[in-house]
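Biologist: I would like to learn how to read a structure like this one, feature by feature. Could you show me the general idea each time, and then the case at hand?

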Amino acid sequence: MTKMEKIDDLIKRVQFYFKEVKVEEFMTSPVFTIRQDQATVRAKEAMRLRHFSGIPVVDENDKLVGIISIEDIIHVLESGDLNTPVSQNMSRKVVTLSKNELIVDVAKKFELHGFGRFPVVDEEKRVVGIVTQHDLVTILLSKLSILYVHDARREPFVHTENYRSVPTGISLKEEIPEFQFDIDYMDVSLAGTGASKLKKFLLSQGFSPKFVKRVAIATYEAETNVVIHSGSTGVINVYSKYGVLIVRVEDDGKGIEDVEVAMHEGYSTAPDYIREMGFGAGMGLANIKRCADKMMIISEPGKGVVIEMDFWGHENESF
Amino acid sequence: MKVSDLEELGFKRITDGDGELKHGYICDLLSEVMAKAEADTVWLTVQSHMNVIAVAAITGIRAIVLCNGHKFDEDTMEKAKAEKISLFTTSLNAFEAGGKLYDKGLR
């Protein structure tokens, strides 16, 4: 798949979560523009210095008249004159967005036109923002509260190969989990039952004790979170793929208001009686982060929580 | 030292089990225990509910000493037997109990 196809594919999978998101929520604003009567060399310099790949072009009333991209500049460099006005070298066919357009429609426009960016204009055609593929990906991630918290390999999120199998787990749906446990109890003192079972299962499969302990601790914390916080039941699914052990703990409960805040060590919404039992110290997610090689949380209020934790064997743990 | 040596130190045995002990750990926050305690540990706590067994099983804790004269729940004892975790109680507080274990060489 091309990058664009990947993004589009991702959007289709998760659009349910953010159908209502409008352009004004994720456009970059204010936006750098260039006047059509300015010399093309100015556009070239702005691109070089500010790392733009394209700049909206406006007239003297600040209304959009075109867009000049790196491609246009290359044409000028090949066979033109950088001292000619921008209006001579820009593209006049500009597809624009309005502030109220929905993200799904924006994704379609990216797919349809193959442009790298779309200016956002108001009723008077004044440029109020710009949307790039980068903006699209960023809003996707933040809206979903997908936290790309920790990756031992330190690769940028969207470029990792196993990304497709990770964030929403859709591709895992066809996989049969190697281990499954229903978190079908609400009694907090039972928390960890699934994790204990998983530990035994993994040991029986020949995984090394050190590795298994990491997995079990992280699973315990995720399981406990379901019991304490979700107000619902949940499920633990474990898959083994490409040398990576994937543990997904999901519930249908009330979700997390702000995943970033919840990630802070010491932050907890647990009630007092839970704390008295030694839970709710706000260490759960921090513990998971410490144990897992990679973790992701997808949550929104009212829509449950999906925690996915990936583990791979370290040098001192034979896999 | 061995789990059975805990009896000689005056801790009251509640459930069976034995094995080598290398470390001791004192804490009542379960996440903290899981994060920091090593395998082959005797854990000193005032938490007596069933979940301590899950924490012990996952962490590799062999024995739990419940301090300050607290009593284990019935469920906890059942679960401990199933998971082969040795339970002990003591009227000492965790600091005093820990001192005894430290003297015996646990770290």
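Modeller: Gladly, and let us start with the packing of one helix. This is a predicted model, and in it the buried residues of α4(A) pack against α3 (40–50), β3 (64–69) and α5 (86–89) of chain A.

Biologist: Which residues of helix α4 of chain A are buried?

Modeller: In α4, residues 70–79 of chain A, the buried ones are Asp72(A), Ile73(A) and Val76(A). Seen down the axis of α4(A), these buried residues fall within an arc of 100 degrees, so they line one face of the helix. The general idea is that an α-helix has 3.6 residues a turn, so residues three or four places apart point the same way.

Biologist: And which residues are exposed on the other side of α4(A)?

Modeller: There you find Glu71(A), Ile74(A), His75(A), Leu77(A), Glu78(A) and Ser79(A), which are exposed.

Biologist: In which sense do β2 and β3 of chain B pair, parallel or antiparallel?

Modeller: Strand β2 of chain B, residues 23–26, pairs with β3(B) in the parallel sense, over four bridges. To find the place by eye, look for His23(B), which stands opposite Thr41(B).

Biologist: What about the nonpolar cores?

Modeller: In soluble globular proteins, nonpolar side chains tend to be buried together. Here the largest nonpolar core has 76 residues, and those with the most contacts inside it are Val215(A), Ile64(B) and Val65(B). Helix α9(A) gives the most to this core, with 11 residues. Apart from it lies another core, of 28 residues, including Leu97(A), Val106(A), Val120(A) and Leu136(A).

Biologist: Which residues does Ile64(B) touch, leaving out those up to four places away in sequence?

Modeller: Ile64(B) touches Trp43(B), Thr45(B), Val52(B), Ala56(B), Ile85(B), Leu87(B) and Phe88(B).

Biologist: How many residues does each chain bring to the contact between chains A and B?

Modeller: The size of an interface is often given as the accessible area lost when the parts come together. Counted in residues, the contact takes 21 from chain A and 16 from chain B. On the side of chain A, the elements that give two or more residues are α8 (193–204), α9 (209–230) and α12 (284–291). The largest share, five residues, comes from α9(A). By type, the residues on this side of chain A divide into 10 nonpolar, seven polar and four charged.

Biologist: Which backbone angles deserve a look?

Modeller: Most residues other than glycine have a negative phi, and most peptide bonds are trans. In chain B, phi is near 60 degrees, a positive value, at Asp40(B) and also at Asn68(B). Asp40(B) lies in the loop between α2 (30–36) and β3 (41–45) of chain B, while Asn68(B) lies in the loop between β4 (61–66) and α4 (74–83) of chain B. In chain A, a cis peptide bond joins Ser29(A) and Pro30(A), with omega about -5 degrees. Pro30(A) lies in the loop between α2 (23–26) and β1 (34–35) of chain A.

Biologist: Finally, what is the average pLDDT of chain A?

Modeller: Chain A averages 82, and 83% of the residues score at least 70. Over residues 145–170 of chain A, pLDDT stays under 50.

Methods
Residues are numbered from 1 along each chain as its sequence is written. Chains are lettered from A and ligands numbered from 1 in the order in which they are written. This is a predicted model: local features need pLDDT of at least 70, side-chain atom pairs count only at pLDDT 80 or more; totals for chains, interfaces and linings use all residues. Two residues are in contact if their C-beta atoms, placed from the backbone, lie within 7 Å. Ala, Val, Leu, Ile, Met, Phe, Trp, Tyr, Cys and Pro count as nonpolar, Asp, Glu, Lys and Arg as charged, and the others, Gly among them, as polar. pLDDT is the predictor's confidence in each residue, from 0 to 100. A nonpolar core is a set of buried Ala, Val, Leu, Ile, Met, Phe, Trp, Tyr and Cys residues joined through C-beta atoms within 7 Å. A residue is buried if 20 or more other C-beta atoms lie within 10 Å of its own, exposed if 12 or fewer, and partly exposed in between; C-beta atoms are placed from the backbone. The arc is that of the directions from the helix axis to the C-beta atoms. Two strands pair if DSSP finds at least two bridges between them.
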